[in-house]
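Dear colleague,

I am passing on a structure for you to look at, and my notes on it follow below.

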Amino acid sequence: MDSCVYTRLGLAALCLGLAPGTLALEATIEGIEDPLAENVRLYLDGLEAEQYSPDRLESEVLRRSSEALRVYGYYSPRIEPRFDDPDSPTQVTLTISPGEPVLIEVLELSVTGDAAGDPPFTEAIEAFPLEEGDRLRHAPFDSLRSRLANLALERGYFDWRFADRRMEVRPYANSARLYLALDSGRRHRFGDVNFRGHHIETARLENLAPFASGEPYLASRVARFNQRLGETEWFASVNVRPRLARELRRLALPEAEPTWWQSLDVAGVEPVTATPRIAEASLLAAASLQRPTVPNVPIDVVVTPADRHQFEVGVGYATDVGPRLRFAWDQPWINRYGHGLDHNLYISAPDQRFSGVYTLPLADPLRDSYRFQYGLRHKDNEDTRTLESTLEAARRWKFDNDWEQSLYLRGTFEDFTQAGVSNQVLLLYPGISWSRTRTRNPTFPTWGDRQRLAVEYSSDWWGSAAEFLRLTGDSEWIRKVGDDNRFVGRVGLGMITTDDFADIPPSLRFFTGGDSSVRGYAYESLAPEDDEGRLIGGEQLLTASLEAQRRITGKWWAASFIDTGDAFSDWDPNDLKTGAGLGVRWISPVGPIRFDVAHPFDADDAFRIHFSIGPEF
């Protein structure tokens, strides 16, 4: 056989290897309706006729169909299969008469032990959808069995067992008897928390535990403890797990390897058989002699410290400010008390900022802390030139409803020129703010909202250069309807009351317009003007926006929007500036990339392009 023949045989073998797999048998069901018919189809799904002889194929079809009907309580069906081709079938038609259903004659469900008075177990039993006289269905019984077992583990009944678990079916009598009895045993309680690998004071970590020693065990609280430790950012890894009694087996030493003298083959002497130095059964028996009246579960926490110095560089672009660069140096912990220090540098053409925050956590590090901030800022935009330095001391609280409250005292020195008027001011003023951010999928939220309200007051009584009362607030909502529709709404407002407006620096005056406020207008170009048309900033602010988005395909979305707003010296709704337009969104790994074309209705420009990158929240 020459090489040409070998080549042809090889190609033939390759083609056979690449041939598509055999097709599954297609079933048509007659005589019954869904959900019975659909369940029969599911049981027959994937059945390949070529793997069976004709007689075995018919038996397999009847077996699977009967099983599909039994789970719905039909144990005596009549099934007539008809194949399209007896020798090589691809389709089967089943004519099914389900027969009389099996009815529940006896239903006994019970919980004994400590769980007998635990409401979730009682609710699970009461929610069982079947009663005596109902048609038998397997799924609810199996679901209840799994539910009770899961509840036992979740709620600390680690000695649980099913004292009875039976489903007795009498097809000849069309009756069934269901028995399910859970013996929960005693409920375990939380024991001591043991930390390993930590670099933060133990007392501070113990304050993060959402449980106390002696409280009834709940798996959800263990998971919450793990989450809270991770939220501190003190650790690179966190592992929180309960130490159950069965882990005593780990103390049983393994079988010892026989030494050389134990392995000698001496006539008349039996070889020595090595045994565990502490037998597992003996160890558990000894432990049970002093079993506590109320069993407890110690919690073991193993952590590894996070990097002490963390660096991050971000590059972005927006039509408001052009290219922008951010550099962050974070120190999530600098001592055993968990104090942290963060530094941030932000650079763009009109705005440069350098700031830092020293965080001093209190008893509950995630909820209570002191924060000391500093900042330097230079801004050169439109008719604003300013150099600002700020120091701030704040007390922060976080409440159970996710709202955060911050009470602060801020000192600001600002050297500025606004609309050709220069000034230097030193302000010292207290303030209070409330904020909350909730979101799902932070990169491109499918649901979320954000609110913030702040009140600040300055007075010359304590040496501040200007007396004012300033209020600011904003809110944003994101809601998704179905899989392909998304809506975004925003509202912002502000007000400052003062008789010393000339001494109010640009950082406290109001300007609007740009990518994130009123599209169609340049960045911070909307504000009251002087006689020469130069921006002086407003004493009031109002902005609102509504945007509708529709998925085009995959990660691409189309958007339509309308924005309105302005900054005022005297409020007048007729002075609101409005822009509307269309845009495109692409969900990138760093957040949505937004491209908008907006038309301003109160300006000479025909349109303005807005482009930005980054998360919305």
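At 12% relative accessibility, E392 counts as buried (buried means under 20% relative accessible area, exposed over 50%, and partly exposed in between, with a 1.4 Å probe and protein chains only). E392 forms a salt bridge with R410, their closest N and O atoms being 2.7 Å apart; the term stands for a side-chain nitrogen of Lys or Arg within 4 Å of a carboxyl oxygen of Asp or Glu. Because E392 lies in strand 15 (residues 384-398) and R410 in strand 16 (residues 404-418), the pair ties together parts that are 18 residues apart in sequence. R410 is also buried, with a relative accessible area of 19%.

Please bear in mind that this is a predicted model, in which local features need pLDDT of at least 70 and side-chain atom pairs count only at pLDDT 80 or more, while totals for chains, interfaces and linings use all residues. Residues are numbered from 1 along each chain as its sequence is written, and side-chain values use heavy atoms, leaving out hydrogens and water.

By the salt-bridge rule, the count comes to 44. Among them, R353 and D351 meet at 2.7 Å, N to O, where R353 is partly exposed at 33% relative accessibility and D351 is buried at 4%. R534 is likewise bridged to D530, with the closest N and O atoms 3.1 Å apart. Salt bridges that share partners also join R519, E547, D563, R585 and D596 into one network.

With regards

Note on methods:
Helix = DSSP H or I, 4+ residues; strand = E, 2+ residues; numbered from the N terminus.
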